[in-house]
Amino acid sequence: MSKVKVEIDADLQDLIPQFIENRKKDIESLSALVEKNDLQSIAQMAHKIKGAAAGYGFAELSDLAAQMEVAAKKNDATPLPELVKKMRIHFLNVEIHYVPM
């Protein structure tokens with residue numbers, strides 16, 4: 001898979017390493033919640049990720065989290081394992097470019 005280019009406001013540069021570390025932990029937590037089929041907790045965590053990712057400029061991650069939130073709220077666990085996988089792949093392939101805003 002090719003790199004996923006993400007443009008981030010240069011003012012946020014100091015915050016991005018911790019943001020990425022936190023989201024990686026969230027993805028592992030989501031994976032465990034998917035295994036437990038805890039749809040309510042998945043919806044809550046996905047909602048948190050969706051907002052944080054959007055705020056930092058990670059649009060694709062925000063979109064994946066939104067899809068996960070909707071599925072969990074509809075009690076549809078079917079797409080959840082694939083969405084967690086896509087989140088992991090996103091972080092393995094993300095290439096951050098800092099730009100002045």
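1. In which crossing does α3 pass α4? The crossing is left-handed. Keep in mind that this is a predicted model.

2. Now the geometry of that pair. Helix α3 covers residues 59-73 and helix α4 covers residues 80-93. They pack at an angle of about 165°, and their axes lie 10 Å apart. Angles over 145 degrees count as roughly antiparallel, so that is the term for α3 and α4.

3. Look next at who makes the contact. From α3 come E60, L61, L64, A65, Q67, M68 and A71. From α4 come L80, L83, V84, K86, M87, H90 and F91. Of these residues, ten are nonpolar, two are polar and two are charged.

4. I49 sits in helix α2, residues 39-56. I49 has 1% relative accessibility, so it counts as buried. Leaving out residues up to four places away in sequence, I49 touches R23, D26, L30, L61 and A65. Take A65: it is 16 residues from I49 in sequence, yet the C-alpha atoms are 6.2 Å apart.

5. On to charges. Side chains of opposite charge can pair when their charged atoms come close. The count here is six salt bridges. One of them joins D26 and R23 at 2.9 Å, N to O. Both residues lie in helix α1, three residues apart, about one turn of the helix.

6. E69 and K73 form another salt bridge, at 3.1 Å, N to O. They are four residues apart in helix α3, so about one helical turn separates them. E69 is buried at 6% relative accessibility, whereas K73 is exposed at 59%. Elsewhere, salt bridges with shared partners link R23, D26 and K48 into one network.

How values were computed
Residues numbered from 1 in each chain as written. Predicted model: local features only at pLDDT ≥ 70, side-chain atom pairs only at ≥ 80, totals over all residues. Heavy atoms only, no water. Axes fitted to C-alpha atoms, helices over the stretch in contact; angles between N-to-C directions. Helix = DSSP H or I, 4+ residues; strand = E, 2+ residues; numbered from the N terminus. Parallel < 35°, antiparallel > 145°, perpendicular 65-115°, else oblique. Left-handed = near helix turned anticlockwise from the far one by under 90°. Contact = heavy atoms within 4.5 Å. Nonpolar A, V, L, I, M, F, W, Y, C, P; charged D, E, K, R; others polar. Buried < 20%, exposed > 50% of the residue type's maximum accessible area, 1.4 Å probe, protein only. Salt bridge = Lys/Arg side-chain N within 4 Å of Asp/Glu carboxyl O.
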